Amino acid sequence: LMPVIQYVLPSKSKQLKKLVHFYWEVCPKYEDGKEGTLRQEMILVCNAIRNDLQHPNEYIRGATLRFLQKIREVELLEPLVPTARACLEHRHQYVRKNAIFAIFSIYKVAEHLVPDAAELLETFLAAESDPTCLRNAFVALSTISPPTALQWLKSNLDSVAGMDEVLQLSIVEVIRKEGPRVSAADKAKYIRLALELLSSNSRGVKYEAATTLTGLTGNPSAVQAAANCYISLITKESDNNVKLIVLERLDALRERFEGEGVLEALVVDLLAVLS
């Protein structure tokens, strides 16, 4: 370890720093035969990582935060938590978006290192404006504390339609997972949101919204709206693989509501798709 610490760590080369991160991932970090006892050299390594987390160059900070997501040694992570948390307030979105997942990964390794993770992410969501950062924070919060994520969503329901595609996709995914377990009043709100997202400009959001809608309700009008969305996607999509995936969804709807006459009104449109 010492040659790497002496001759490679002081380098200002970004490529070398990236290679060193790979090396730290695989190098032995504990004393031989003493599980749980970090090698003495790791104190210097930890200090170097902390310095990179405070580096004025946002690329180096972001790359170091990405590296932090791969560390599983609690003893190594503990002294780095305060510096990683401080990166949530960095001016550059590249640093902030990686800081979110760094905090998230630390929480998954050892919850006691970030006991207020849910509150931290909730505060971050309230102040953040970058779409990717918002998406990362929402995804992390929905895993750490689904009720808190749903509470944030409920307070921002009216603005979801105008949000960025990546955040909309994450919101739809959370609704699909948590929707069946919420109260009837909240489920009705999520159904209305899914219906609204059927008119999104993003085909991915449309597809996911239609799938989520049919998972939340069997109401004939909602099912027809989802089926119409599927048919629209098929007619506008040129990739045959995508068409087959959407057709499978339509076939699943047909089997689920067979004999109920829900999709009968769409027969002509379906024939146009198959022609």
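Modeller: The dialogue below takes up the core, a helix, the aromatic pairs, the salt bridges and a surface patch in turn.

Modeller: This is a predicted model, in which local features need pLDDT of at least 70 and side-chain atom pairs count only at pLDDT 80 or more, whereas totals for chains, interfaces and linings use all residues. Residues are numbered from 1 along each chain as its sequence is written, and side-chain values use heavy atoms, with hydrogens and water left out.

Colleague: Which residues touch the most other members of the largest nonpolar core?

Modeller: A nonpolar core is a set of buried Ala, Val, Leu, Ile, Met, Phe, Trp, Tyr and Cys residues joined through side-chain atoms within 4.5 Å. Buried means under 20% relative accessible area, exposed over 50%, and partly exposed in between, with a 1.4 Å probe and protein chains only. The largest core here has 89 residues, and Trp24, Leu68, Val114, Phe138, Leu153 and Ile171 touch the most other members. Helix H14 (residues 220-236) gives the most to this core, with nine residues; helices (H or I, at least four residues) and strands (E, at least two) are DSSP runs, numbered from the N terminus.

Colleague: With which residues is Phe138 in contact, leaving aside its neighbours within four places in sequence?

Modeller: Contact means heavy atoms within 4.5 Å. With those neighbours left aside, Phe138 contacts Leu125, Ala149, Trp152, Leu153, Leu167, Ser170, Ile171 and Val174.

Colleague: Why is helix H4 described as largely enclosed by the rest of the structure?

Modeller: The description applies because eight of the 11 residues of H4 (residues 58-68) are buried. Among them are Ala63, Thr64 and Phe67. The buried residues of H4 pack against H2, helix H3 (41-53), helix H5 (74-77), helix H6 (81-86) and helix H7 (93-109). From helix H2, His21 is in contact with Asp52, Ala63, Thr64 and Phe67, leaving aside neighbours within four places in sequence. His21 is itself buried, at 9% relative accessible area.

Colleague: How many aromatic pairs does the structure hold?

Modeller: Rings of Phe, Tyr and Trp (its six-membered ring) pair if their centres lie within 6.5 Å; planes under 30 degrees apart count as stacked, over 60 as edge-to-face and the rest as tilted. The structure holds five such pairs. Tyr23 and Trp24 form a tilted one, 5.3 Å centre to centre with 50 degrees between the planes. Tyr23 is partly exposed at 31% relative accessibility, while Trp24 is buried at 2%.

Colleague: How are salt bridges to be read, and how many does the structure hold?

Modeller: A salt bridge is a side-chain nitrogen of Lys or Arg within 4 Å of a carboxyl oxygen of Asp or Glu. There are 12 salt bridges in this structure. Glu128 forms one with Arg96, their closest N and O atoms being 2.8 Å apart. That pair links distant parts of the chain, since Glu128 is in the loop between helix H8 (117-127) and helix H9 (131-144) and Arg96 is in helix H7, 32 residues apart. Glu128 is buried at 13% relative accessibility, and Arg96 is buried at 11%.

Colleague: Which residues form a nonpolar patch on the surface?

Modeller: Patches are made of residues with over 30% relative accessible area and no salt bridge; like charges are joined within 9 Å, and nonpolar side chains (Val, Leu, Ile, Met, Phe, Trp, Tyr) within 5 Å. Accessible areas come from the Shrake-Rupley method with a 1.4 Å probe, and for residues only the protein chains shown count as cover. Leu16, Leu19 and Phe22 form the patch, with about 280 Å² of accessible area together. Leu16 lies in helix H2 (residues 14-26) and is partly exposed at 33% relative accessibility.
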